[in-house]
Amino acid sequence: MSGWQLCAVGLVLLLGLFGVLVPGVPGTPIVWAGVLWWAMTEQTSLAWTVLIAATALLLIQQAVKFLLPTRNLRAVGTPYRVLFLSGAAGIVGFFVIPVIGAPLCALGAHYLLERVRLGSHGDAWAATRTAMRAIGLSVLVELFACLLVVGAWAGAVLAG
C-alpha cells in the first residue's frame with residue numbers, strides 16, 4: 001500500500017471517529033469500511049486478522065449499544081458544541097495517554113467548557129454529571145470500540 005493510500009485510510013478512520021460524536025453520521029461503519037479498504041489492499045494475514053477482529057468487536061459493540069437505554073440530549077440542555085469538543089478531546093486523549101486518556105480528557109474538557117459557559121464550579125459539575133448520564137454508556141461504548149479498532153490498525157501498520 002502506498003503512503004498516500006495509507007494516509008487516506010487514516011483520514012477515513014479519523015472521520016469515522018468524529019462520526020461517532022456527530023449525530024446522524026455513521027461513525028462505526030466508516031471505521032469498519034476504512035479497515036476493510038486497508039485489508040483488501042494489503043491482503044496479508046495480519047490485515048485479515050485485524051479486519052476479522054474489528055468486525056467481531058464492532059458487532060459486539062452494536063449489540064451492547066442496542067441493549068443500553070438512550071436518552072434525549074436536547075432535554076439535558078448542553079449545547080452540541082460542548083459535547084462535540086469534549087468528544088474530540090477524548091479522541092486526542094486516547095492517543096496522548098493510551099486507553100485511559102479518552103475518558104479523562106473527554107470529561108475534563110466537558111467540565112472546562114461548562115465552567116466557561118456557566119461560570120461556577122457547582123453549576124459546571126452538575127451540568128457535566130447530567131450530560132454524562134444523558135449520554136449514558138452508549139456513545140462511550142461506541143467510541144471506545146472504534147478507538148480500539150483504530151489502535152489495532154495503527155499497531156498493525158507500524159508492525160507490518
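Predicted model: local features only at pLDDT ≥ 70, side-chain atom pairs only at ≥ 80, totals over all residues.
Student: How many residues does helix α1 have, and what does it reach from its first C-alpha to its last?

Tutor: Helix α1 covers residues 3–21, which makes 19 residues, and its span from first to last C-alpha is 28 Å, close to the 27 Å expected at 1.5 Å a residue.

Student: And which residues touch the most other members of the largest nonpolar core?

Tutor: That core holds 25 residues, and those touching the most other members are L13, L17, V35, W38 and L143. Two or more residues come from each of α1, α2 (27–42), α3 (45–67), α5 and α7, and it is α7 that gives the most, with eight residues.

Student: What is V35 in contact with, leaving aside its neighbours within four places in sequence?

Tutor: With those neighbours set aside, V35 is in contact with L13, V50, L51, A54 and V149.

Student: Switching to E142, is it buried or exposed?

Tutor: E142, which is found in helix α7 (residues 121–159), is buried, because its relative accessible area is 7%, and buried means under 20%. Apart from neighbours within four places in sequence, E142 is in contact with V20, T28, Q61, Q62 and K65.

Student: Now the outside: which residues form a nonpolar patch on the surface?

Tutor: V92, V96, I97, I100 and L104 form one, and together they have about 480 Å² of accessible area. V96 lies in helix α5 (residues 80–96), and V96 counts as exposed because its relative accessible area is 60%, where exposed means over 50%.

Terms used: Residues numbered from 1 in each chain as written. Heavy atoms only, no water. Patch = residues over 30% accessible without salt bridge, like charges linked within 9 Å, V, L, I, M, F, W, Y side chains within 5 Å. Areas by Shrake-Rupley, 256 points an atom, 1.4 Å probe, with all protein chains shown as cover. Salt bridge = Lys/Arg side-chain N within 4 Å of Asp/Glu carboxyl O. Helix = DSSP H or I, 4+ residues; strand = E, 2+ residues; numbered from the N terminus. Buried < 20%, exposed > 50% of the residue type's maximum accessible area, 1.4 Å probe, protein only. Expected span 1.5 Å × (residues − 1). Contact = heavy atoms within 4.5 Å. Core = buried A, V, L, I, M, F, W, Y, C linked by side-chain atoms within 4.5 Å.
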